[in-house]
Amino acid sequence: MAERPPPSGGATEPDRLAVTLLMVSCPRSTAAETRAALRQATGVEPPEGPRRAGHDAMVILGVGPDRWLVVVPGERAFDDGPAARIAAALHGLALVTDQSDARAVFRVPSFALPGAAERLLAIDLDPRAFPDDGAAVTEAAGMSAIVWRDGVGLLLAVPRSMEADAAHHVGLALRAEAAARAQTGRP
Amino acid sequence: MSGWRLPSGGLVDRGRPLDFRFDGRRYTGLAGDTLASALTANGVRLLGRSFKYHRPRGLFAAGPDEPNALVELRAGARREPNTRASEVELFEGLEAASQNRFPSLAFDLMGVNSIVSPLLAAGFYYKTFKWPSAFWERVYEPLIRRAAGLGRLSGAPDPDAYETATVHADVLVVGGGPAGLAAALAAGRAGARVILAERDAHFGGRLLSERHVIGEGDGLAFARAAADELAAMPNVRLMPRTTVFGVYDGGSHGALEKVADHLPEPPPGLPRQRAWTIVARRSVVATGSVERPVVFSANDTPGVMLASAMRGLAVRHAVAAGRRVAVFTATDDGWAAAADMAAAGVPVSTVIDARPGRRPVPPELAAARVIAGGLVREAIGGRSLSTIEVVLPGGGVERIPCDALAVSGGHQPDIQLAGHLGHRPAWNDGLSAFVAGELPPGQRLAGAAAGRLSLAACLADGHAAGRDAAADCGFAAPSGEAPRAKDEPSAVSALFHVPGGRGKAFVDLQHDVTADDVALAAREGYVAAEHLKRYTTLGMATDQGRTSNLNGLAILAALTGRTIPEAGLPRGRPPTAPVAIAALAGAHRGRHFRPTRLPPTHEVAVERGASFIEAGAWLRAAYFPAEGEDWLAAATREAAAVRRAAGVTEMSTLGKVEVFGPDAAAFLQRLYANAIDRLKVGRCAYGLMLREDGFVMDDGTVARLGDRHFVVTCSTAHAADVFEHMEFCRQVLWPEMDLTLQSVTEAFAPLALAGPRARDILARVVDPGVDVSAEALPFLGCLEVTLLGGVPARIFRISFSGELAFEIAVPARRGADLMRAILARGADLGVAPYGLEALNILRIEKGHPAGAELDGRVTAHDLGLGAMAERAHDCIGRTLALRPALTDPGRPRLVGLSPLDGARIRSGAHLLPRDAAVVAGNDQGWVTSAAFSPELGRWIALGYLAGGHLRHGEVVRVADPLRGSDALATVGPPCFIDPKGERARG
Amino acid sequence: MRLPCPFCGERDAAEFRYRGDAAPRQPPPEADAAAIADHLYLRDNPAGPIRELWYHRGGCQGWIVVERDTRTHEVAAAFPASEDRR
Amino acid sequence: MPDDPGPPERRRVRRVRGPMRYSILSLAAEALRNNRGWPPAWRKAAPKPSYSVVVVGGGGHGLATAWTLAATYGIRDVAVIEKGWIGSGNAGRNTTIIRSNYLLPGNIPFYELSLKLWERQEADLGFNTMVSQRGVLNLCHSDAQRDAYARRGNAMRLHGVDAELLDREGVRRIAPFLDFDGARFPITGGLMQRRGGTARHDAVVWGYARAADRLGVDIVEDCEATGFLLERGRVVGVETTRGTIRAGKVGLAVAGSTSRVAAMAGLRLPIESHVLQAFVSEGLKPLIPQVITFGAGHFYVSQSDKGGLVFGGDIDGYNSWAQRGNLPTVRDVCEGAMAVMPMVGRARILRHWGGLMDMTMDGSPIIDRTPVESLFLNGGWCYGGFKATPASGLCFAHLLATGETHHAAAAYRLDRFAEGRLVNEKGTGAQPNLH
């Protein structure tokens, strides 16, 4: 799990990801159908509660009651692609909004955890409280943040308009953690 | 010369001398020293001047208990006032200066205060300086302020970085002394997630400054072994140099980690300090106890110290506080201190035990004179102790020469953290001290903090507390045996005050509160503990009364014939040790105090050389100055361009919410004051939202995208609150309604394209085949189209400017492209980018209310929208909106104001009848917004005027005494251009 | 102070916005101004247990009912406001 | 009994006379006798069976009310009952600021009356309450905020109150130590009231107590009201931990606990209790001459004569009867401090504590009769009670003595909520934590 930081300072620069984000929420009356249709369209069982489901190519996060964030790696094309497919599949059942441009996604690499995350987040990232398939909607350095894990780190999706400040705080946390390890001699 | 370095022993590194400066003079200490121990080793005894009388003061206590030895540490912008020399880890090149003295420490002119001291008794300032009253601010107060206070801040911004961070644990152990180490070991072995926080750089607590035997080895060996075992446990986190300063709700604790205070300055990337929030399910507080001094005459003479402090100097730092040391004790611990000091090589000449009866004399003290049942009644020596006056058992008085006196009056368990949630302590007669009463949820006390003073008891108690805390969290792996030590005697007596001396007997050394002051307060009726504290300032100094509160209460109790607990119970308040303001702010300072929100077209505004303005959290383009233009010229040109050709501006800061579901229409119908349900698919409408109390909450637009699908907008300022309100209605008020909401504020980049040529330009950016003609897209219509080659867009034909206008919403990351395309493809038609200033001009010309008009005290009637609120349908706020006070025609109503002879009026000016005097009685309203109208070629304004809707044509007085202007203006309707709205419909 | 959000789990109260006493229920639409004003303006303001509304603004956007003691700040329970049966 | 005492500056009050007046002379005389002759500042009175007026609450407002009843309205048969020691409530927990820089016509006359009374308080009470008119500076950080301040400042001027609108440079001249360069929300100017400032909160309590005591008022400490004596729907006395005390009229001045006490008379009020935290730093040499409030966050500060920075911010925001708050607010306040004056970074917080605020639904106080006959209410001071102390005492005493509402408190009626005649400075809805 814990990768060593490369000798270059690169490890302390925030890593910004390109992803497609679809927010799906539905009225109570269509909850069951919406789940089914979402499963159909994505091949992923929409999680109950604050969890991450899916695989590298298709992730569904539970971000609220009857509310999911679908994460598909890669910038999306406007006309076709998974986003359009999912939207079409849920048409009339649920509200599907394209939030790809609404949030900027940063990755805190595993080797900088938990230290860097302790500086950014107030939630408990211990596996007992936040398992590998955990997801959370919380605040990072005073900004709204959707948080989940992938193979190589912790992902933070913050509001697009605050991207610059988010980059500042994530970078600060990464550099501070690196410096702290240097001081205490931790790997 | 008084103090000196012992030839051997101590936890100092004799191979690592460190140079430092105090009051400009150069000294040398050793690695492992504190500033206090290094100064003492150098024979420096006079370390500060006292708060009120400016009396000479020396080192008195250890660690955070120190009341006297406060210094200004470091220089320049890093100067840190009121720093306890006893807490400063010595580093190479350290600079420190004494404080609160003028001109010099040795010769302090303010010392005169002690000559006139009877005048300066407690509360003297309440009784004088009353006349002449103007003199208070001009003369008396500045004098008092200059004399008072302690150290000086640099006045420059703090150059260091700080961090805040949060960490979670099952068990938090506060204090790394014997009890804390035993607790952490037990909890850690049991498998719990443990944090051990210790304020010192090293774990061990008293084991570092006392001689003890634990198990087979000495106390120090135990401490090191324990710390090593803990460091090796993956589930344990050691936090040295970390003070847990406060207990808060839900297991939250505030802690301060001194990351770099032991270094000349923080290394690159590291903060000076880190403010932790530690969330723990259970806590074990093992903070030890504070030694209590005895109050007697001139007990503040440099050379008089707490026994524990002098013992620590000897054992930990190998420093002797004097060459002829006397010990005055009322506790067994005082004997142990004397023995430890003697063993370390400190010449202990006399031990005076206030308690009668002989006691076994430790072998180390065989050479010392022992006086049982003696009382030290006065210290003599002024700037440095030379003699003590002792009342002998028989009643005789003897003067005994000595240059240092160690005092041990008793031990007060450090129970501050037990009191932070408001629980009060209880009195314990056996200890003559306060112990914790009821404890905060999840908290345990262990060791001396729990009143168990002997080492053996501390170890056993700590082990049990750690084990039980872990068990509470469900961790039951075996915790091993509790470490064992022999149970040394630890009896205390109740000696607080020895009267009869001639000089001042100090209770609170730092604030110069004497036993006489306590007596005076009692005489004047300030007999509640809090009254005593507030009247005399006893216990309010930077040591928070650690060494003074109990003695003060004891003396007050004796004077008023009450027991100590009757006299009062101390109340613990955070922080337990002072915390730097910057540390709690962490990284949220300077430009990063709060996030800066940038709209999607920010880069275009930058390219175009826009001037920016703060709008709430947003940074928005205010205007786009051409060569040589000021804001007014630029904004005027931009507004004119919109009226005559076309302009484009950013609207993305508006709140945007999508509403979907079978009950979407019915939901919005209840949410808005105006009828929404009859809105057809593909149409938009103005929407007015009321608060539950009937006043206007916000306004915006509602567009129907489908039978069950709407998108609504709300003002930038209220975006978050409106969404919260909508969710409140959906989840709390009408849970039976079937719909869902999503905020899409960040997802889209809506641009407003406005002006007579707007449609022509729009036609040039939409994809081929997209029809934006008046027929396809009539006024208040909306379309979903593609543009710029496949980019999905929603076009709303709504107008804030009053011109033919389109709001074009594309995915945020294409907003900049769209704006560039519009500017490029519309260049020949005269399109210009416009900013917030022009936007403001245009909406004022049209009389559209914005932030300044919607100030939360406004009703629909005030805006001239009363008809909406009076609609028959039930909506939030309707009933209360119809209260007479909210519909009263005499209320200030929105009007347009046209100044006479082209005068300029400013928002914030007040409106009065034409010839009325400028007094409150004639105040009839105010100006909310003003602008120079390019269309009209003069200044215009909006404002609220009492009964204004009935006063069109009247000339009113526009008074602005604050800015020295006074004008006349004609009242009119709040719309200056195209009142019929034909342009927007065109 | 920590609040147990029914969806997100335990979070610091700083993530939430406070609304106030969850009782009494909204008066019926036909209620007169006096009744609505009472509902809107008057409070029991108990020194002790209270059922109150919080909004998880920094989290799941859920409105929840929290049972809390105003003297000790101890939280007994929390559940979605939409499921509140009074 | 006189009616409206008229403008306070022309009003005659009975001043403290007799032995042991506080002055430099008595101080010197006493100094020679080692201060052995000072009498108690106020008697530790035991409750009599009955009084014409019983004031519940021995804070600044209750004591000021009792003193005014005796000094101005000649009613000396008055008791102030206090459940603990006088000044143990918000009078002893606040940040000591006095000012009258309000916006609304319902507020300005009242707070200006109060400021005028502060200006003569030391003469009235013969006690140095350290009224320090060092100036109150509200910073603004945007054009919109400047316009709002202009409206407020002009409203003050129309009421004859001093106010100055400063631009950025004007602020820099007064407070060069503020962050004019690196700030997230640049300082664009400020609204200055030079007559505003601070006063020593405990001294105010002791000064009123001593002066009232000299005029015959009984100050009964450790005497908690446990109920009201009602006869035919009329209050005729108070049940206390020290026995029943009959009274012609009962006045409540228990801000912070108003709901709880009023409930004993069956009253439900437009009040919630919230916690407001306050902070004091270690003593420092003079640094900040004025009272300064940050306009783009929650932070205000002044420096006490002892050298401590006394500061605070926003309420914690939830109903609370615990006199303490939580860390997020502490951090928010410190962030505000660093945002506006980063030079205080290395100053250390010595103590922080919380007080209970009567937060009303419009953010303004209540001085009025209640639906229960002979029971009068003074409360709902939100976090602005200290500055109001003298005028609150005057207006409440006027109401108790004459049965008439004092003109300066005309807007503070209890029925204004139902009627919608709110005095809403912040412009937020009926949600106390937003005011």
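In which sense do strand E33 of chain B and E16(D) pair, and over how many bridges?

Analyst: The model is a predicted one. Strand E33 of chain B, residues 579–580, pairs with E16(D) in the antiparallel sense, and the pairing runs over two bridges. Within E16(D), Arg348(D) is the bridge partner of Ala580(B).

This pairing belongs to the contact between chain D and chain B, to which chain D contributes 114 residues and chain B contributes 117 residues. The area buried between chain D and chain B is about 9700 Å², and carbon and sulfur atoms account for 56% of it. Of the area that chain D buries against chain B, 11% comes from Leu158(D), Arg184(D) and Arg346(D), which is more than any other three residues supply.

One of these three residues, Arg184(D), also takes part in a salt bridge: its side chain meets that of Glu614(B), with an N to O distance of 2.8 Å. For a salt bridge the cut-off is 4 Å between the side-chain nitrogen and the carboxyl oxygen. In total, 10 salt bridges are counted between chain D and chain B. Polar contacts across this interface amount to 60 residue pairs, with both residues at pLDDT 80 or more.

Several elements of chain D give two or more residues to the side that touches chain B. The helices concerned are H1 (24–32), H5 (143–158), H7 (201–214), H9 (327–340) and H11 (416–419) of chain D. The strands are E5 (164–167), E12 (271–283) and E16 (348–360) of chain D.

The contact between chain A and chain C may be set beside it. Here chain A gives 11 residues and chain C gives eight residues. Together, chain A and chain C bury about 830 Å², with 57% of that area on carbon and sulfur atoms. Pro50(A), Val137(A) and Glu139(A) provide 43% of the area that chain A buries against chain C, more than any other three residues. The count of salt bridges between chain A and chain C is zero, while two residue pairs are in polar contact, both residues being at pLDDT 80 or more. On the side of chain A that touches chain C, strand E4 (58–64) and strand E8 (135–140) of chain A each give two or more residues. E8(A) gives the most, with four residues. That side of chain A divides into six nonpolar, four polar and one charged residue.

Chain C itself has one helix and six strands, and from the N terminus on its elements run β-β-β-α-β-β-β. Its C-alpha trace spans about 40 × 25 × 20 Å along the principal axes.

Over all chains, the count comes to 33 aromatic pairs. One of them joins Phe667(B) and Trp734(B) edge-to-face, at 5.7 Å centre to centre and with 85° between the planes. Phe667(B) lies in helix H18 (residues 664–671) of chain B, whereas Trp734(B) lies in the loop between helix H19 (719–733) and strand E41 (740–743) of chain B, so the pair ties together parts that are 67 residues apart in sequence.

Terms used
Residues are numbered from 1 along each chain as its sequence is written. Chains are lettered from A and ligands numbered from 1 in the order in which they are written. This is a predicted model: local features need pLDDT of at least 70, side-chain atom pairs count only at pLDDT 80 or more; totals for chains, interfaces and linings use all residues. Side-chain values use heavy atoms; hydrogens and water are left out. Contact means heavy atoms within 4.5 Å. Buried area is the accessible area (1.4 Å probe) that two parts lose on being put together, summed over both. A polar contact is a pair of N or O atoms within 3.5 Å; within protein, one must be able to donate a hydrogen and the other to accept it, and residues adjacent in sequence count only if both atoms are side-chain atoms. Two strands pair if DSSP finds at least two bridges between them. Rings of Phe, Tyr and Trp (its six-membered ring) pair if their centres lie within 6.5 Å; planes under 30 degrees apart count as stacked, over 60 as edge-to-face and the rest as tilted. Ala, Val, Leu, Ile, Met, Phe, Trp, Tyr, Cys and Pro count as nonpolar, Asp, Glu, Lys and Arg as charged, and the others, Gly among them, as polar.
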